[in-house]
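Open the model in your viewer and keep the selection panel at hand. The tour goes stop by stop, with something to select at each one.

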Amino acid sequence: MPRPIQVTVHPEALRANLARLRAETPDARVWGVVKANAYGHGIERALEGLRGVDGFALLDLDEASRLRALDWRGPLLLLEGAFETRDLELCSRLGLWHVVHCEEQIDMLALHKTHTPHRVFLKMNSGMNRLGLRPAAYRNAWARLNALPQVEEITHMTHFSDADGPLGVAHQVRVFDAATRDLPGERSLSNSAAILRHAAAPDLPHLAADWVRPGVAIYGSSPDFPAHDIAHWGLIPAMTLSSRVIGVQALQAGDTVGYGSTFSAPGAMRIGIVACGYADGYPRHCPTGTPVLVQGRRTRTLGRVSMDMIAVDLTELPEAGFGSEVTLWGLAANGRVLSIDEVAHAGGTVGYELMCAVAPRVPVQVDPAA
C-alpha cells in the first residue's frame, strides 16, 4: 500500500472563507490570489471552491494558461506584470490584465503591437519598497500610459507592508491618496490583513474599493497570527496534511528520542512514530512541543523532525496506536481543527510557507465530502 501521508484540499472551506472576506468588503470586487499554484493547494483543485471570485491574480503565465484551459473566462491579473516584451503577446492572446510597476514595462507597452488595448494596474511604491513607482514619479507614469493607444484602462494599485501589525496602513494610504488625487480610475489596495483588520475603518474608504486582493485568508490561514487566530476571523483550513502512526515505542526515564537525543523522557512514556518528515514539507525546525492531533486529540511532537518521520507523545492517549489518524495541520476526522499557523509559528515561519512547501511526493486529494 502507499505510504499513509496525504494532503486533502477542502473546496467548501475555500467557499466559506471567500464568503467571509466578501462580508467585510461587500461593495468591492475580489481577486482570488492563486500565485504559487494556489498557495500549494493546486489551481485545478482550488478552482471549484473559488469560482465565486471576480477574477484571479497570479504571477505565472503558465498558471494563467491553465486557468483559461479550465474554461475560466473572467479577469486574470499578472501581479508582477510582463518580464519581457513578448509576454505582452500572450497577454493579448489570453486577455490578461497586468501590473505595470516600472518605466521599463511602460517602454514594453509602447513597442507592443496589438489590436486590443490592455487593462493595466499601475503600482505605486507607497512604502513597501519592493515593486512600484515612487509617488513622485507616479503621475508622470500614469500620463505616459494614458497616452498610449495600447492601453485601455488604468487602475491604481499599491501593497501594504504592515497591514498585519501595529504600524497599520494609514501612513501608506495617505501617500497613495496624495499621489493619485484627481486621477481617474479604480483602486486596488487591500490584501487579506487589510480586509480583516482595516477595511471597516470609516477614515480609510479606499480599502473597501474597488478591487481587493485576499490571498492567505482564502486558504484558511490568519494573516496576523499570533495576534489573532483563524477562529477569531471565522476562517476554516482549506488544506489538511494527515498521516498515520506507523510504530509505537515504550520509553523509560532517561530514554531519548530521535537524532541528537534532544528529548529525554522524564518518566515512563508511550510515543508514536508518524509517517511524515521534512522531505514531505513538514518544517524541520519544529521543536518538541509542536502541536499535533492524534485521533482528533491534541498532543505534541517529541525530538527532532527526521526526513521521513516524527515522534509524537501518546502517553495520555491510551486508545491511540498503530494506524491511528494523525493531523499535522488542518481538519481531523472528528472535526477538530489544528491551524497551519500554530505549526508554522512553532517552526519559526508562517503558514504561507508551509502551504507552498508540501513536497511533490505527498499525494493530494480533493475532499470527497465537498
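Predicted model: local features only at pLDDT ≥ 70, side-chain atom pairs only at ≥ 80, totals over all residues.

**Stop 1: an aromatic pair**

Select Phe-56 and Trp-72 and show their side chains. The ring centres are 4.7 Å apart and the planes stand at 65 degrees; an angle over 60 counts as edge-to-face, so this pair is edge-to-face. Phe-56 belongs to strand S3 (residues 55–58), while Trp-72 lies in the loop between helix H4 (61–69) and strand S4 (76–78). The two residues are 16 apart, and their pair links distant parts of the chain. In total, the structure has nine aromatic pairs.

**Stop 2: an aromatic cluster**

Next, select Trp-31, Trp-97, Phe-121 and Trp-211, which ring pairs link into a cluster.

**Stop 3: two cavities**

How many cavities of 30 Å³ or more does a search of the whole structure find? The search finds two.

For the largest, with a volume of about 40 Å³, select Lys-123, Met-124, Asn-125, Ser-126, Met-128, Arg-130, Leu-131 and His-159, which line it. This lining has three nonpolar, three polar and two charged residues.

**Stop 4: strand S17**

Select residues 325–331, which form strand S17. Six of its seven residues are buried, so S17 is largely enclosed by the rest of the structure.

- Strand S10 (residues 239–251) pairs with S17 in the antiparallel sense over four bridges. Look for Ser-242, whose bridge partner in S17 is Thr-327.
- Strand S14 (residues 291–294) is also antiparallel to S17, with two bridges. Leu-293 has Thr-327 as its bridge partner in S17.
- Strand S18 (residues 337–338) runs antiparallel to S17 and is joined to it by two bridges. Gly-330 has Leu-338 of S18 as its bridge partner.

End at the hairpin of S17 and S18, where five residues lie between the strands. Select Gly-335 there; this residue takes a positive phi near 90 degrees.

Note on methods
Residues numbered from 1 in each chain as written. Heavy atoms only, no water. Phe/Tyr/Trp six-rings, centres within 6.5 Å; stacked < 30°, edge-to-face > 60°. 1 Å grid on protein atoms, 1.4 Å probe; cavity = no way out; pocket = protein on both sides within 12 Å on 5 of 7 lines; lining within 4 Å. Points joined across faces, edges and corners; volume = space filled by probe spheres on them. Nonpolar A, V, L, I, M, F, W, Y, C, P; charged D, E, K, R; others polar. Buried < 20%, exposed > 50% of the residue type's maximum accessible area, 1.4 Å probe, protein only. Pairing = 2+ DSSP bridges.
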